[in-house]
Amino acid sequence: YMPAWKNNVYYLARRHRCVLIDLPGFGKSTKGKFSYTPGCYSDVVAEFMQKTGIKKATLVGHSMGGQIATTFTLKHPEKVNKLILAAPA
C-alpha cells in the first residue's frame, strides 16, 4: 500500500479490518488499458468486493480516491456503510 496510508492503517487496523486496493495504473499494479476515470475505478472496486466476498464496507478516499469512493457510493449505496473523504479532488 501507499506509504501515505502507513500511519493511518497502523492505528485503524487495531480496531478495524483494513483492505487497501492498489488500483490499475497506481503503485505496483500493472498499467493496462483502462479509462482511468472515477467511474472505471469504482467498477474495479465493485469487482474487487464481489470477488473477495465483501458485501458492505466503509470507504475512505483521499484526493482522487475521494472521487472514486464518492462515485462508488452513488452507484452502489447498498454496499457502503460509511463514506469518509480526506481532501477529495
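Let's start with Tyr 41: in this predicted model, Tyr 41 is buried, with a relative accessible area of 0%.

How many aromatic pairs does the structure hold? There are two. As a reminder, a pair of aromatic rings is described by the distance of the centres and the angle of the planes. One of the pairs is Tyr 10 with Tyr 11, 4.9 Å centre to centre and with 90° between the planes, an edge-to-face arrangement. Tyr 11 is exposed, with a relative accessible area of 53%. For Tyr 36 and Tyr 41, the ring centres are 6.1 Å apart and the planes stand at 70°; planes over 60 degrees apart count as edge-to-face, so this pair is edge-to-face.

Now, on to the empty space. Rolling a probe the size of a water molecule over the atoms shows where empty space is left. Here, the largest pocket holds about 1400 Å³ of space. Its lining is made up of 38 residues, and those that lie nearest the centre are Trp 5, Val 19, Leu 20, Ile 21 and Val 60. Several elements give two or more residues to this lining: helices H1 (6-12), H2 (38-52) and H3 (64-75), along with strands S1 (57-63) and S2 (80-88).

Which element gives the most to the lining of the largest pocket? That would be S1, with seven residues. And if we sort the lining by class, we find 24 nonpolar residues, nine polar and five charged.

Note on methods
Residues are numbered from 1 along each chain as its sequence is written. This is a predicted model: local features need pLDDT of at least 70, side-chain atom pairs count only at pLDDT 80 or more; totals for chains, interfaces and linings use all residues. Side-chain values use heavy atoms; hydrogens and water are left out. On a 1 Å grid over the protein atoms alone, a cavity is a set of points where a 1.4 Å probe fits but cannot get out, and a pocket is an open set with protein on both sides within 12 Å along at least five of seven lines; lining residues have an atom within 4 Å of a point. Grid points are joined across faces, edges and corners, and a volume is the space filled by probe spheres set on the points. Helices (H or I, at least four residues) and strands (E, at least two) are DSSP runs, numbered from the N terminus. Ala, Val, Leu, Ile, Met, Phe, Trp, Tyr, Cys and Pro count as nonpolar, Asp, Glu, Lys and Arg as charged, and the others, Gly among them, as polar. Rings of Phe, Tyr and Trp (its six-membered ring) pair if their centres lie within 6.5 Å; planes under 30 degrees apart count as stacked, over 60 as edge-to-face and the rest as tilted. Buried means under 20% relative accessible area, exposed over 50%, partly exposed in between (1.4 Å probe, protein chains only).
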